[in-house]
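Please keep the sequence and the model open while going through the points.

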Amino acid sequence: MNFSIESKLPNLGTTIFTKMSKLAQEHNAINLSQGFPDFPPNQKLLELVKQGLDENHNQYAPLAGLISLRKTLAEKLYKSYGSRYSAEEEITITAGATQAIFTAISAFIRQDDEVIVFKPAYDCYEPAIELYGGKPILVEMKAPTYKIDWQEVSAKITSKTKMIVINTPHNPSGTVLEKEDLLQLQQLVENTNILILSDEVYEHLIYDDKKHQSVARFPKLAERSLITYSFGKTFHVTGWKVGYCVAPEELMKEFRKVHQYNVFCVNHPMQWALNEYLQKPEHYLELSTFYQEKRDYFLQQIKNSRLELIPAQGTYFQTASYKNITTEKDTDFALRLIKEKGLATIPVSVFNKDQKDELMLRFCFAKKKETLAKAAAIINSL
């Protein structure tokens, strides 16, 4: 080029998920890295998409999404969490939860605003904050329990704090926030103008009889919160990139101002199909049992390995320490596992503050039993 550009994100490269999946393909490795299932969605859902196409639901959907779907979601939110959201004014269908998160941040974060982010964290939060001149304020959660120190959070809150980002069930650790955590958060932000962005894409993937503590359950938090959800994670269709955001009307007005010029609207036939599919609540209420069986199978298969772990409380990710195997950097060990053993994982340091290495790997167990069995055989050989 005969001209120069100045990057707005000079230190940002390709995501670790893209890198590891590419390497897995190159080395014909079992891919427990990127978070997607290797099994198909429910055939009924696929048939509904075809029906939506055949019935010509193929033009622009409304900006906020199909009103029929938004009404169904309003009912679902009330039945799940006792919270009432207006289908007309407080729910917007998005191109996946990542777009919802980006839109929420871009709608509210200005130059020099501070946003508290808990590390390890999913990698889309900080770049969006930085793009709009905000400053991520990082609070570290330590392996292997990944609990939040709310006193530390309190100490990090300043007059510049505009938003706190939470994620439960949590990627990458598989932990969940308890009721007491939400009550402490509620107390911290009371009498402030701080917003909450709550990433709850794994809301139905929660185990051992735990209850998902959605921000929507807590009225004083809900009134200042934007909450994001994902149909892709819920119904094994991550490639569809359809999710939604809920928020009080005044917050949603600002969200939609950005949304309309970001994507404007979202895939019409799939919205139609999802609304029909949601008419049977068992399609999402049975997910915790479905994925807990996969988690338990995977853990049973590797129980005699040298990994150390605490069973995931939610998501379809399991973190584990490999300190009994080697003390090499997690990025090096993960790379060696792909090239030498044929197994792709995610090194947790990439999610950590200053890439802190605690000798932890993340495994995705949203896989067929035969895939998990083959992966377990490799893990047991280490």
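**Notes on the chain**

1. Among contacts in the chain (heavy atoms within 4.5 Å) between residues at least 6 apart in sequence, 74% join residues at least 24 apart. The model is a predicted one, in which local features need pLDDT of at least 70 and side-chain atom pairs count only at pLDDT 80 or more, while totals for chains, interfaces and linings use all residues. Residues are numbered from 1 along each chain as its sequence is written, and side-chain values use heavy atoms, with hydrogens and water left out.

2. The radius of gyration, taken over C-alpha atoms, can be set against a globule rule of 2.2 Å times the number of residues to the power 0.38. For 382 residues a compact globule would come near 21 Å, and the chain has 21 Å, which agrees. Along its principal axes the C-alpha trace spans about 60 × 55 × 50 Å.

3. Of the 382 residues, 57% count as buried, where buried means under 20% relative accessible area, exposed over 50%, and partly exposed in between (1.4 Å probe, protein chains only).

4. The chain has 15 helices and 12 strands; these are DSSP runs numbered from the N terminus, helices being H or I with at least four residues and strands E with at least two. An open sheet of 7 strands has the order β2-β8-β7-β6-β5-β3-β4, with mixed pairing, where two strands pair if DSSP finds at least two bridges between them. Its edge strands, β2 (91-94) and β4 (135-140), each pair on one side only.

5. Within this sheet, strands β3 (residues 114-119) and β5 (residues 161-167) run parallel and are joined by 4 bridges. Which residue in β5 is the bridge partner of Val-117? The partner is Val-165. Helix α4 (residues 96-108) lies across β2, β5, β6 (195-199), β7 (225-230) and β8 (243-246), and runs at about 160° to β7; such angles run from 0 to 180 degrees between N-to-C directions, the axes being lines fitted to C-alpha atoms, for helices over the stretch in contact.

6. How many disulfides does the structure hold? There are 0, a disulfide being a pair of cysteine sulfur atoms within 2.5 Å. Cys-124 is too far for a bond, because the closest cysteine sulfur, in Cys-245, is 13 Å from its own. Cys-265 is likewise in no disulfide, with the nearest cysteine sulfur, that of Cys-245, 17 Å away. Cys-124 counts as buried because its relative accessibility is 16%, and Cys-265 counts as buried at 16% relative accessibility.
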